[in-house]
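Take a look at the model below.

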4 protein chains.
Amino acid sequence: MEVIKRFGVSIEENLLLKFDEFIRNKNYKNRSEAIRDLIREKFVSDEWEESDKNAAGAVIMVYDHHTRELMDKIINIQHDYENIIISSQHIHMDHHNCMEIIILKGRIKIMFELQAKLKAIKGVKHSILAKSTLAENM
Amino acid sequence: MEVIKRFGVSIEENLLLKFDEFIRNKNYKNRSEAIRDLIREKFVSDEWEESDKNAAGAVIMVYDHHTRELMDKIINIQHDYENIIISSQHIHMDHHNCMEIIILKGRIKIMFELQAKLKAIKGVKHSILAKSTLAENM
Amino acid sequence: MEVIKRFGVSIEENLLLKFDEFIRNKNYKNRSEAIRDLIREKFVSDEWEESDKNAAGAVIMVYDHHTRELMDKIINIQHDYENIIISSQHIHMDHHNCMEIIILKGRIKIMFELQAKLKAIKGVKHSILAKSTLAENM
Amino acid sequence: MEVIKRFGVSIEENLLLKFDEFIRNKNYKNRSEAIRDLIREKFVSDEWEESDKNAAGAVIMVYDHHTRELMDKIINIQHDYENIIISSQHIHMDHHNCMEIIILKGRIKIMFELQAKLKAIKGVKHSILAKSTLAENM
């Protein structure tokens with residue numbers, strides 16, 4: 001089981017009043033939960049600044065599935081990166097557009113490489129790499 | 001079938017040389033494909049600046065599934081927002097950590113509200129809202 | 001003088017070890033200083049999500065001052081927004097390129113409007129709106 | 001004088017209609033000007049992904065000038081980085097708060113290092129590094 005530690009924070013009264021309002025607005029149960037979230041959020045954004053590190057993430061792409069050869073290209077590219085792909089999920093958004101979510105775990109620069117290749121396919125209208133975390137020691 | 005139009009772009013030679021290098025690096029097949037991507041990317045980032053508009057997106061969250069009552073809370077909150085949730089997918093990352101991806105379609109401010117509530121749950125270590133698009137007229 | 005309050009944070013040991021490493025890397029003197037920074041940073045990013053709110057910011061733009069009529073257009077646009085402009089500063093970067101920094105205080109949506117107008121001028125190569133804060137009650 | 005080239009873009013009619021609306025909203029004079037801006041914007045965001053590259057930028061910081069020893073610390077740190085600092089500008093925002101803008105030209109990782117050191121000073125309430133460009137071959 002995880003050991004819990006405790007430390008004190010000194011803070012200007014005005015800033016604390018604003019922080020308590022923030023906690024209520026965001027539905028946090030207490031200050032500790034909110035502080036831990038701020039710390040972890042910072043760690044994740046720092047992690048993604050080093051492209052040689054490992055992380056978890058997801059490519060979210062929207063495409064017109066009627067585009068010729070698009071499905072083949074998407075599958076082929078995914079096969080080239082199968083060592084970083086955990087799973088993928090496919091959603092029909094409307095008559096033309098599909099959304100595909102590809103969960104990734106691996107080196108950050110390789111994830112960006114995969115995302116760039118998927119984005120460059122004709123018929124892919126949007127693609128982003130959502131930056132998440134393996135949550136090691138968090 | 002979609003009607004294709006054509007227009008001309010005048011551009012400084014140096015900038016064009018750099019753009020052609022960019023196209024090669026990113027695996028684009030031609031300039032038009034790259035230009036259309038830049039245009040659509042701009043539209044999506046503009047869409048997300050207006051919180052009353054509709055869009056598609058995904059919450060990606062990482063949590064320790066051993067945390068007491070966490071699973072119940074996640075399910076309960078998702079039920080309160082079932083009109084914007086299209087699907088959700090669950091991944092086991094390691095002994096402690098799970099990743100959950102919740103695909104959303106609806107008003108931007110409601111998506112942010114849902115994300116904030118999920119993030120505030122004890123045991124949720126990271127959560128982001130990935131900004132995608134319904135791709136209407138794109 | 002500002003009243004200083006104190007509160008306790010409970011946190012997993014592993015997360016605290018990582019946080020202490022972060023504090024050393026970023027040159028913070030103590031945990032309280034780092035925590036206050038994380039809180040204020042969050043507030044500033046939240047402020048900028050509401051375009052009707054007031055904030056402080058700066059447009060940073062790079063342009064080729066040889067472009068015909070560019071200087072006149074920049075001055076004219078700045079005059080239309082003089083009620084939100086505090087000061088501007090001009091730097092010669094190289095033979096062609098100048099950087100101009102315009103400090104702003106006012107409604108967020110008006111700042112974005114100004115930035116868009118400056119960016120659309122022929123000869124302006126890059127322009128961003130840097131998001132800062134009036135630091136009220138911070 | 002700069003040589004101007006021309007190339008053609010093929011694009012779906014719907015996307016072009018939306019793009020023309022965007023051009024009007026953002027006050028662009030013509031499509032070429034808007035396209036060149038999108039291209040340059042992409043280049044700048046790509047530049048900042050490689051921390052060993054050179055760029056131009058600005059630290060914008062807000063601080064309470066009443067904080068003991070703060071002014072000395074800010075000056076001392078700036079002196080350690082004088083080879084990347086081009087100029088700095090100081091604004092009185094209200095009775096307590098000052099804004100300082102430090103224009104930088106140099107290696108991206110060194111700029112981030114400077115910003116982190118300034119931010120960690122007690123009394124500094126907010127600090128960001130605005131990402132601009134040397135605009136070489138743009």
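How many of the 11 residues of strand β4 (residues 97-107) of chain A are buried?

## A covered strand

Of the 11 residues of β4(A), 8 are buried, and the strand is mostly covered. A residue is buried if 20 or more other C-beta atoms lie within 10 Å of its own, exposed if 12 or fewer, and partly exposed in between; the C-beta atoms are placed from the backbone. Strands (E, at least two residues) and helices (H or I, at least four) are DSSP runs, numbered from the N terminus.

This is a predicted model: local features need pLDDT of at least 70, side-chain atom pairs count only at pLDDT 80 or more, and totals for chains, interfaces and linings use all residues. Residues are numbered from 1 along each chain as its sequence is written, while chains are lettered from A and ligands numbered from 1 in the order in which they are written.

## Partners of β4(A)

Strand β2 (residues 54-64) of chain A pairs with β4(A) in the antiparallel sense over 11 bridges. Two strands pair if DSSP finds at least two bridges between them. A:Asp64 stands opposite A:Asn97 of β4(A).

Strand β3 (residues 85-92) of chain A also pairs with β4(A), antiparallel, over 7 bridges. Here A:His90 has A:Glu100 as its bridge partner. β3(A) and β4(A) form a hairpin, with 4 residues between them.

## Two domains

The domain assignment of chain A, automatic or from a database, gives domain 1 (13-47) and domain 2 (54-131). Their centres, taken over C-alpha atoms, are 33 Å apart.

## Crossing helices

Helix α2 (residues 31-47) of chain A packs against helix α2 (residues 31-47) of chain C. The angle is about 85 degrees, and the axes are 10 Å apart. So α2(A) is roughly perpendicular to α2(C), a label for angles of 65 to 115 degrees. From each chain come Ile35, Leu38, Ile39 and Lys42: A:Ile35, A:Leu38, A:Ile39 and A:Lys42 meet C:Ile35, C:Leu38, C:Ile39 and C:Lys42.

## Chain B and its neighbours

Chain B touches chain A: 37 residues from chain B and 37 residues from chain A take part. Two residues are in contact if their C-beta atoms, placed from the backbone, lie within 7 Å.

Chain B also meets chain D, with 27 residues of chain B in contact with 27 residues of chain D. β1(B) gives the most to the chain B side, with 9 residues. β1(B) pairs with strand β1 (residues 4-12) of chain D in the antiparallel sense over 9 bridges. There, B:Arg6 has D:Ser10 as its bridge partner.

Note on methods. Axes fitted to C-alpha atoms, helices over the stretch in contact; angles between N-to-C directions. Parallel < 35°, antiparallel > 145°, perpendicular 65-115°, else oblique.
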